[in-house]
Each structure stands twice: as C-alpha cells, then as structure tokens.
Amino acid sequence: MENLKILLDDLKNKKNLRQTLSALRAGVKEDRGFKALFKEDDKAIEALLKSLTADDAKARKSAALLIGDLGLSAEEKYRKALLEAYRQEQTLFVRESYLKSIAECGGENALTDDEREELEARIEQIDSTDFPDADMKHILAERKALTQLVRSVKKKAAVFKEPSGVPVLMVPVKGFYEPLKKALNDRGITKGFSQIGALLWPGDIDRVRDLRIYDHLKYLISGDFTLEADKIREEIEKSALASFIRKAYNVQVSVRVHIHEKGDRSLKQAKRFTGELLRMSGGDLVNEAPYDAELHFYKKKSGGYVLFLKPVQEDQRFTYDINRLSTSMQPVKAALMVYLTGGYLRAHAKVIDLFAGNGSLLLERDEALRTKAMFACDTNEEAVEAGRKNAQAKGSTVNYVHRSAFTFDTEEEFDEIISELPDLFEKTAEDRGEFFEKLSAETVKVLRGGGRAFYLTAEGNEMKAMVRKDKRIEFVKEIPFDEKRSIFILEVKK
C-alpha cells in the first residue's frame, strides 16, 4: 500500500493532479483494500472534492468519476458537490462525468424533486436547441446520462404489433440463402430478392409467414436517408419512422442503430443518428439494453440508405426453446435440416434422436410432418431435463432417455433416426473409427428394414467408410448443409 500513500499525498498536494487521479482510479478498481484505505483518509477525500474545480478539464473529469468509483456519490454531500460542478462546467466532454458518477451507486434515487426538475429541464433544453455539429457527440452523451438519472423508472416491456401495409424483408440464415429462396419460389414469390434477403410486399407475407427457415424479419421504413450530419433531423422528420414506431409499440421503446458499411464513419453516423432520434422523440425512445428494436441502414447502389426496423422480441416461431445449453442446436438450424430432408421423411413415423441435446431437432421434425412417436437419448442430464421442459412448452410428447446412444436398448423398431452427430474434431483417427463402428451397429439395431437415418456431420469420409463396411446399410444421398457439414441419408436394407 506504499504506492497508495504516495498517490494520496500527491493528491493532497495537487502534484501531477491529472496523472495522480488517473492512477488512483486504477488502484480503486483493482484492489478493494486500496478503496477502503482511501475512504478512511478524510484529507484525501476533501482534496478530491476540491479537484472538481481544478483548472485541468481532464482532472475534473477523473475527480468526478473517482467519487463514483469510491461509492460516495449517493451521499448528499457528494451528490450536491457533483451537481454544483455540473452546473458550472463549461467543457462539454466533462459534463456527463458528474452525472455518471451520481448514477454509479444509486445516487439518482436520492435526487430531490427540485434536482430532478432541474435535470429534466436540461433534457428539454437539449432537445429544443440546435448545436454545432462538432459539439453533438458530447451533448448527446450528456443527454444519455441525464435520462438515466431522471427517467430511470423500470421500463415496461414493449410489445410489437405489426403495422399493416408495410413491406417486410425476410432475412436468410447466413449460408442458407438458396433454401429460403427455393421455399419462397415454391410459394409463388419470384421477385424482390437481393443479397440481404427477400422483400415481401403486403399480401405476400401472409402466404409465407409459417416458414420456419428464415433468420428474422425486418420492416421497411419509407424515407430518404443520406445520414449527412446536417440533414439527419430533417430526414427523420420526413420519414415514416416516428409513425411506424407509434403504431407498432405500446410503450417507451429502446432502440439501437446499425449502419451496414465498413469503416469508422458508420459508427459515428450511427451514434449521431441515435442521439438525434432520441432528442426528437421527447422521451418516447431510449438507447439502453435490453433493446426492443434495431434500426438497420443499408447502402443503396443509387446512393443514400434504405432503413429497416427489426423487432427484437417479435418472432414467435420457436417460443418453446426456453431451456438450452451452449451446445444446443439452434431451432432455425434444426428447421433447415428438416426442410432439406423433407422429401425423404415419412408421415406418422416413429423417430429417435440418438444425440438429442435439448430436443430442437425432434420438435422441428414433428412440426414439419407429424410423427407417431418420438424418443430422445443424451448422456447429459442437464440437456435431458431441458429437452423435457421444451417439449412440454411446445405441447409435444418426447420420451427422453438419460443414456448413451450406444447403450440404448429397446424392443421398439423405429422408422427414422435424425441426429446432429457430436463434434469429433479433437478425437484421434482411432477414436473416430470406433465411434462410427458403434454408430453403424446402433443404426441397424434401432431401425426397422427400410428405415432411414439422417445424420448431420463434418466427418464425411468416416460416414462413407462406415456405409462401405456395413453391407446392411445403403447410402441414399448427401446433402450439403453448411461450410463443413453435410446431411447423410442412409437406409437399412429390408
């Protein structure tokens, strides 16, 4: 703690103040003992308060934030000192620091009515004033800190209601553009395709809404956008963005902005657009996690940008997917696997997943074509429990067995096996060979004659070798799935 003593002495003597405050902040964050000893030194705390009026702007900023780091700013003495420093502060990049310090340890809960009214008035002033472009970054940062203090009431969930008559962008899962395009073509959608998805016009969306193989939907917001700093406010006012949000949501909405363009400029544009949008909303919009909606800008070949709104919680396709592990198959990927094998599935089949995880693949198999019975095996007890809960949430009956695929024993004869095989990348060649030898035996044991197995794996060579070695199994088809894996369709000879 010798270093702390030196730093505290330097603080009291105003020696290298900016560097001293910075070093003290680092020490407080890294060592609880450091923090405790600092707070016991009354003269150092008093020197810290005086640093709020230092000549050096960066020193004032560090002093303000350090008061929050120490957990002092909820106390009236320190809150009032921070507010007074905030009132007097003329350097824009420092102003938010006083406010952030108050919020650091719940100081917003101690604000008096007069203090709240004062800070609310500042928000209204910011929202009604035109500032130079060079100042906006810091003005918007100050505004965000203000709203977190005076409008910190817990936000109600924003429920999305799709406005009528709005074109919708159906976005494919990365790497699965063609399956989505084919599915849409099969439903009579032949136009509106671009590299970012398929634009569906009002009337078309209802014909394809039941598809389960797209990633998400985005709603087109009409308007002309250049995102040039001096035009943003006018472009927002003339666009349909405000009216769309009013129609789509029932309460205050939290939004964030993405500009799909490379380079630092896009990040600056996104921050500027977000800030201007919040200023114009009169408090109806905020920019805090968890987000209700995302605004996505895409550059047009003709110049300017096109804007889409993506509701974060709108998708109702996979509401059963409540309990999942990090290794669980994404439901949309399960739906894609089922879609790609659709021509080989059988109605009213008895189906088993030998490596089921939380069961998404079985549930999507049943969604596509109703099964007679579903069984699931997994060695992970947590996955088995998750799968049971998910099946219950979907209203499906899945018979879960907490057991290895290769020790599963039953008198049942199944029509299908559908499984995402375990990742074997780190296994030796001998281990992989042993795995596929066991898989071959289990496939024949579990399936009736004419029964089919659908295996998703990156081990294509091992899979083909397995079929060559076991004359009881026929190779039916290999369907490419993603960059590394394929679906192998096999059939047990009758």
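The model is a predicted one, in which local features need pLDDT of at least 70 and side-chain atom pairs count only at pLDDT 80 or more, whereas totals for chains, interfaces and linings use all residues. Residues are numbered from 1 along each chain as its sequence is written, and side-chain values use heavy atoms, with hydrogens and water left out.

Helices (H or I, at least four residues) and strands (E, at least two) are DSSP runs, numbered from the N terminus, and two strands are taken to pair if DSSP finds at least two bridges between them. Burial is assigned from relative accessible area (buried under 20%, exposed over 50%, partly exposed in between; 1.4 Å probe, protein chains only). Seven of the seven residues of β15 (residues 486-492) are buried, so the strand is largely enclosed by the rest of the structure. In a regular strand the side chains alternate between the two faces of the sheet. In β15 both faces are covered, with Ser 486, Phe 488, Leu 490 and Val 492 buried on one side and Ile 487, Ile 489 and Glu 491 on the other.

Helix α13 (residues 241-248) has a buried side formed by Leu 241, Phe 244, Ile 245 and Ala 248. These residues lie on the same side of α13 because they cover an arc of only 95° around the axis, the arc being that of the directions from the helix axis to the C-beta atoms. The face turned away from the buried side carries the exposed residues Arg 246 and Lys 247. With contact defined as heavy atoms within 4.5 Å, the cover over the buried residues of α13 includes β4 (214-225), β5 (253-260), α14 (264-281), β6 (285-286), β7 (293-299) and β8 (305-311).

A nonpolar core is a set of buried Ala, Val, Leu, Ile, Met, Phe, Trp, Tyr and Cys residues joined through side-chain atoms within 4.5 Å. The largest has 74 residues, and those with the most contacts inside it are Met 170, Tyr 249, Phe 273, Phe 297, Leu 309 and Met 337. Helix α15 (residues 331-340) supplies the largest share of this core, six residues. A second, separate core of 43 residues includes Phe 34, Leu 48, Leu 66 and Val 94. Beyond its neighbours within four places in sequence, Leu 309 is in contact with residues including Phe 160, Leu 217, Phe 244, Ile 245 and Tyr 249.

The axes of α2 (17-30) and α3 (residues 32-40) come within 5 Å and cross at roughly 120°. Axes are lines fitted to C-alpha atoms, for helices over the stretch in contact, and angles run from 0 to 180 degrees between N-to-C directions. Leu 24, Gly 27, Val 28 and Glu 30 of α2 make the contact with Arg 32, Phe 34, Lys 35 and Phe 38 of α3.
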